[in-house]
Amino acid sequence: MSVTQLSASAQNYLKTVWTLTEWSDAPVTATVIAERTGFTLSSVSDAVRRLTEQGFIDHAPYASIALTATGRAHAVAMVRRHRLIESFLVSVLGYTWDQVHDEAENLEHAVSDFMVERMDAFLEHPTRDPHGDPIPSADGVVMMPDAVQLSRVAPGSTVVVERISDGDPALLKYFEECGIVVDARLSIAAGEPYSDALSVSVAAQTSPVSLGRAASAALYVSGGTVIDAVVL
């Protein structure tokens, strides 16, 4: 059964459940899904019940929500569509990385499996999208980078940006203006006392940038010294 045979609503819910667990170990609940999607809790609960009855979700009362093997396969297929479309829009049509998310959200429900594979071939099988998120392979394999949030990295570290959350287009624009993009090398220093900020210097640039909690939590990096405390 192709993911194209599911309703757009089912596709969205399955993709949401998977992406909520991609970078977090926190349990997925109806409340968390409602917060992510903007739907009412009652609407989400009804959708979870239907998807459970259809065999796509495992969910017992008062327990967290998990995908079945079939549900995961469909969710990963939707993630693959979304990220390949984002990559195509940037590489071929000249979109900027802060413009592609909403476009891909619409197009991912309309394109055929054949078109998805043609985009993949045209782009020479990319392994990550413009924000650094891994693009699942055609057989559902996801190669996750060994990365942590910048907020978990100790000052004094030198790191490489592996992934940047695309949840805030304005923040993406700001990062790009600062030269903070995927694969950028950053030197991390402590910010001003009591500021809850980090001072970040981008390689080949002289002026450091001060990043607060929201910004540092949106950056996923490799190569630094990880501290135990997580700033969210």
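Helix H1 contributes the most to the lining of the largest pocket, giving six residues, where helices (H or I, at least four residues) and strands (E, at least two) are DSSP runs numbered from the N terminus. The model is a predicted one, in which local features need pLDDT of at least 70 and side-chain atom pairs count only at pLDDT 80 or more, whereas totals for chains, interfaces and linings use all residues. Residues are numbered from 1 along each chain as its sequence is written, and side-chain values use heavy atoms, with hydrogens and water left out.

The largest pocket has a volume of about 1,400 Å³, a volume being the space filled by probe spheres set on grid points that are joined across faces, edges and corners. A pocket is an open set of points on a 1 Å grid over the protein atoms alone, where a 1.4 Å probe fits, with protein on both sides within 12 Å along at least five of seven lines, and lining residues have an atom within 4 Å of a point. Of the 43 lining residues, Thr 19, Leu 20, Arg 36, Arg 163 and Ser 165 lie nearest the centre of the largest pocket.

Strand S8 (residues 219-222) directs Leu 219 and Val 221 one way and Tyr 220 and Ser 222 the other, and all are buried (under 20% relative accessible area, 1.4 Å probe, protein chains only). S8 runs antiparallel to strand S4 (residues 158-164), to which four bridges join it, and Val 161 has Val 221 as its bridge partner in S8; two strands pair if DSSP finds at least two bridges between them.

How values were computed. Buried < 20%, exposed > 50% of the residue type's maximum accessible area, 1.4 Å probe, protein only.
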